[in-house]
Amino acid sequence: MLWIVLVLIMHAIPHKEVRYLAFLAPITAFVLAPVIKLAWNKRREYRLVIVGLLLIDLMHVVPEAARLYSPYYRQAVTDFFEQLPTGEDQNTQLIIEQPVSFVSPEPGAFFADRFIALRI
């Protein structure tokens, strides 16, 4: 029940940040793994459903993984941080007035997902 509530809350919030996965991923592992194991061992038909769901998931995951070859994903964040001081000069002060956000220019990318840099 908690997992369902947390998933609904995460989807209700307009900005889905990566850090939200910190609380959702462990709960997902502890909730779904035993359910999948029970279903897998119960009936053969359930195995077919699980394999079918995994194949459907792969159809969505593979194109997202292929985006790593896009120049934006390989260089945009690195290029941004490359201009910042390295920390060797202890007198350098960095002031970030707003959260740093790296939003993909692709129209099909995850909408409203943000990767927030920590305030320094």
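Guide: Helices and strands are DSSP runs, numbered from the N terminus; a helix has at least four residues and a strand at least two. The model shown here is predicted.

Visitor: How many helices and strands are there in the protein?

Guide: The protein has four helices and two strands. Along the sequence they follow the pattern α-β-α-α-α-β.

Visitor: Turning to helix H1, which residues are buried there?

Guide: Helix H1 spans residues 2-12, and its buried residues are Leu6, Val7 and Met10. These three lie on the same side of H1, because the arc they cover around the axis is only 100°.

Visitor: And what does the face turned away from the buried side carry?

Guide: That face of H1 carries Leu8 and Ala12, which are exposed.

Visitor: What percentage of the protein's residues count as buried?

Guide: The protein has 120 residues, and 12% of them count as buried.

Visitor: Which residues make the nonpolar surface patch?

Guide: Trp40, Val51, Leu55, Leu58, Val61 and Val62 make this patch, which covers about 520 Å².

Visitor: Which helix gives the largest share of the patch?

Guide: Helix H3, residues 44-66, contributes the largest share, with five residues. Val62 is located in helix H3.

Visitor: One last topic: what share of contacts between residues at least 6 apart in sequence join residues at least 24 apart?

Guide: Among those contacts in the protein, the share is 47%.

Technical notes
Residues numbered from 1 in each chain as written. Predicted model: local features only at pLDDT ≥ 70, side-chain atom pairs only at ≥ 80, totals over all residues. Heavy atoms only, no water. Patch = residues over 30% accessible without salt bridge, like charges linked within 9 Å, V, L, I, M, F, W, Y side chains within 5 Å. Areas by Shrake-Rupley, 256 points an atom, 1.4 Å probe, with all protein chains shown as cover. Salt bridge = Lys/Arg side-chain N within 4 Å of Asp/Glu carboxyl O. Buried < 20%, exposed > 50% of the residue type's maximum accessible area, 1.4 Å probe, protein only. Arc of directions from axis to C-beta. Contact = heavy atoms within 4.5 Å.
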